[in-house]
Amino acid sequence: MSLLDALREHLGLTGTKKGCDQGACGACTVLVDGERINACLALAVQYDGREIVTIEGVGGNGIHPLQAAFIEHDAFQCGYCTPGQICSALGMVAELRDGMPSAVTIDVAADVIALTEPELKERMSGNLCRCGAYVGIVEAIRETFASQMTR
């Protein structure tokens with residue numbers, strides 16, 4: 001059983017969405033021990049005992065600043081991709097903090113990688129929005145993580 005199906009069908013955590021069920025759209029993105037993964041491609045048994053955070057747990061007992069920014073910047077229309085977009089963005093920022101380069105990182109040996117607009121777009125490219133709310137998504141991420149951004 002996939003982690004996605006276990007979360008949705010057995011744990012009742014339906015915020016994580018099933019999009020393509022092939023790992024191509026990012027709708028099922030969750031955080032496992034702080035790293036983003038596509039839950040549709042992961043076997044649930046592999047993650048026994050690990051910390052799994054879905055959109056339901058992102059804000060703790062409240063709303064995460066990124067969730068608030070998504071609302072403020074109209075970073076969703078139908079909302080189907082939003083849980084995956086938010087979890088992916090949180091995982092992306094952790095990757096930056098850990099110094100993990102992307103395909104567009106200019107200096108892969110740098111100790112600090114700035115979240116430039118090309119970095120942001122490349123790192124979020126695995127999350128599709130069929131409604132085309134990308135401008136709002138980028139603005140919400142940019143606002144929330146402004147201290148990591150450079151132009």
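Both faces of strand E1 are covered. Thr 29 and Leu 31 on one side, and Val 30 and Val 32 on the other, are all buried. Buried here means under 20% relative accessible area, with exposed over 50% and partly exposed in between (1.4 Å probe, protein chains only). Strands (E, at least two residues) and helices (H or I, at least four) are DSSP runs, numbered from the N terminus. The structure is a predicted model, in which local features need pLDDT of at least 70 and side-chain atom pairs count only at pLDDT 80 or more, while totals for chains, interfaces and linings use all residues. Residues are numbered from 1 along each chain as its sequence is written, and side-chain values use heavy atoms, with hydrogens and water left out.

Three strands form an open sheet in the order E2-E1-E3. The pairing is antiparallel. Two strands pair if DSSP finds at least two bridges between them. Strands E2 (35-38) and E3 (52-53) are the edge strands, and each pairs on one side only. Four bridges join E1 to E2. E1, residues 29-32, is paired with E3 over two bridges. Val 32 stands opposite Glu 35 in E2. Val 32 also stands opposite Ile 52 in E3. The hairpin of E1 and E2 has two residues between the strands. In this hairpin, Asp 33 takes a positive phi near 50 degrees.

Leu 31 stands opposite Val 53 in E3. Contact means heavy atoms within 4.5 Å. Leaving aside neighbours within four places in sequence, Leu 31 is in contact with Arg 36, Glu 51, Ile 52, Val 53, Cys 87, Leu 90 and Gly 91. Ser 2 is 29 residues from Leu 31 along the chain, and the C-alpha atoms of the two are separated by 15 Å.

Two helices lie across E1, E2 and E3: helix H1 (residues 3-10) and helix H4. H1 runs at about 100 degrees to E1. H4 runs at about 40 degrees to E1. Axes are lines fitted to C-alpha atoms, for helices over the stretch in contact, and angles run from 0 to 180 degrees between N-to-C directions.

H4 (residues 82-97) also packs with helix H3 (residues 65-72). The angle is about 130 degrees, and the axes are 10 Å apart. H3 and H4 are therefore oblique to each other. Angles under 35 degrees count as roughly parallel, over 145 as roughly antiparallel, 65 to 115 as roughly perpendicular and the rest as oblique. From H3, Leu 66, Gln 67 and Phe 70 take part in the contact. They meet Thr 82, Gln 85, Ile 86, Ala 89 and Leu 90 in H4. By class, this contact has five nonpolar, three polar and no charged residues. Ala, Val, Leu, Ile, Met, Phe, Trp, Tyr, Cys and Pro count as nonpolar, Asp, Glu, Lys and Arg as charged, and the others, Gly among them, as polar.

Gln 67 has its place in H3. Gln 67 counts as buried because its relative accessibility is 15%. Not counting residues up to four places away in sequence, Gln 67 touches Ile 55, Val 58, Gly 59, Gly 62 and Ile 86.

Helix H6 (residues 134-144) has buried residues too: Gly 136, Ile 137, Val 138, Ala 140, Ile 141 and Arg 142. These buried residues pack against H3, H4 and helix H5 (117-123).
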